[in-house]
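Look over the sequence and the 3D structure shown here. The text after them goes through some local features one by one.

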Amino acid sequence: REVYWEFGNDQLENRHLLIFGKSGVGKTYAIQTIIMELAKQGQHTAIVDYTSGFLANHLEEDFKKVVQPKGHIVKKTPLPINPFRRQQTVIEDFIDTEDAYSVAGRITSVFTSVYSSFGEQQKALLHKVIEQGIETYSDGYDFGKLLEDLESEDNTNATTVANKLTPLGRANLFQGQSENSWQKIYSDPVSNVNILQLAGLPRDLAKMATEFILWDLYDFA
């Protein structure tokens, strides 16, 4: 039977869709068919792929022909995102810009969601170091500087946190904010589908990259 998803209906505020099932039942195939139908309606899609399910050799030929997917391999080309950027929220006619304390809290929450072994003292230390770094460098702060700041702290907690975050600092996943990077994806004249491909990254790094991507996309939206 025909099934309709009214993604453009202004009366439907919640447009989320969940597809679930055991391995091999066709989840990725179902997603491809939905995205292909969206593409036929002129809609653009951004895919954050941390399971390698959207690598080119895994995609259906009809899907590739219709949507002309464009892949961005994060391990090869860092994402044009700055996780330390102060994000903004519009509340009626007021633009609320994050302060350093809020940015530090957001980033610390991502780390602690991936590394549940972080203790309260380690979380507090990480929050303090990030907050001070943003106050000093503003948008110029990055994971390299964060590691340097942690290593300059002379205590066991700082060493433990630095050791946890060293793989992220060395992975070089982010290259700083590129102007209109999301706008370019959602107005790409050639491809209706852009795939942010996290293949080749360890699972913890892929999870953190996904969190930072979604925060940045949420801010853009």
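Predicted model: local features only at pLDDT ≥ 70, side-chain atom pairs only at ≥ 80, totals over all residues.

Residues are numbered from 1 along each chain as its sequence is written, and side-chain values use heavy atoms, with hydrogens and water left out.

The largest pocket has a volume of about 1400 Å³. A pocket here is an open set of points on a 1 Å grid over the protein atoms alone, where a 1.4 Å probe fits, with protein on both sides within 12 Å along at least five of seven lines; lining residues have an atom within 4 Å of a point. The volume is the space filled by probe spheres set on the points, which are joined across faces, edges and corners. Of the 27 lining residues, Trp 5, Leu 17, Ile 31, Thr 45 and Ala 46 are the closest to the centre of the largest pocket. Helix H1 (27-40), strand E1 (45-49) and helix H8 (203-220) each give two or more residues to this lining; helices (H or I, at least four residues) and strands (E, at least two) are DSSP runs numbered from the N terminus. H1 gives the most, with 6 residues.

The second largest pocket holds about 410 Å³ of space. Among its 16 lining residues, those closest to the centre are Leu 217, Tyr 218, Asp 219, Phe 220 and Ala 221. Here H8 gives the most, with 6 residues.

Helix H5 (residues 143-152) has the buried residues Phe 143, Leu 146, Leu 147 and Leu 150, where buried means under 20% relative accessible area, exposed over 50% and partly exposed in between (1.4 Å probe, protein chains only). These residues are on the same side of H5 because they cover an arc of only 100° around the axis, taken from the directions from the helix axis to the C-beta atoms. They pack against helix H3 (100-114), helix H4 (120-137), helix H6 (156-171) and H8, a contact being heavy atoms within 4.5 Å. The face turned away from the buried side carries the exposed residues Glu 148 and Ser 152.

Two loop residues remain. Glu 92, in the loop between E3 and E4, has a positive phi near 55° and is exposed, with a relative accessible area of 76%. Asn 172 also has phi near 55°; this residue is partly exposed, at 47%. Most residues other than glycine have a negative phi.
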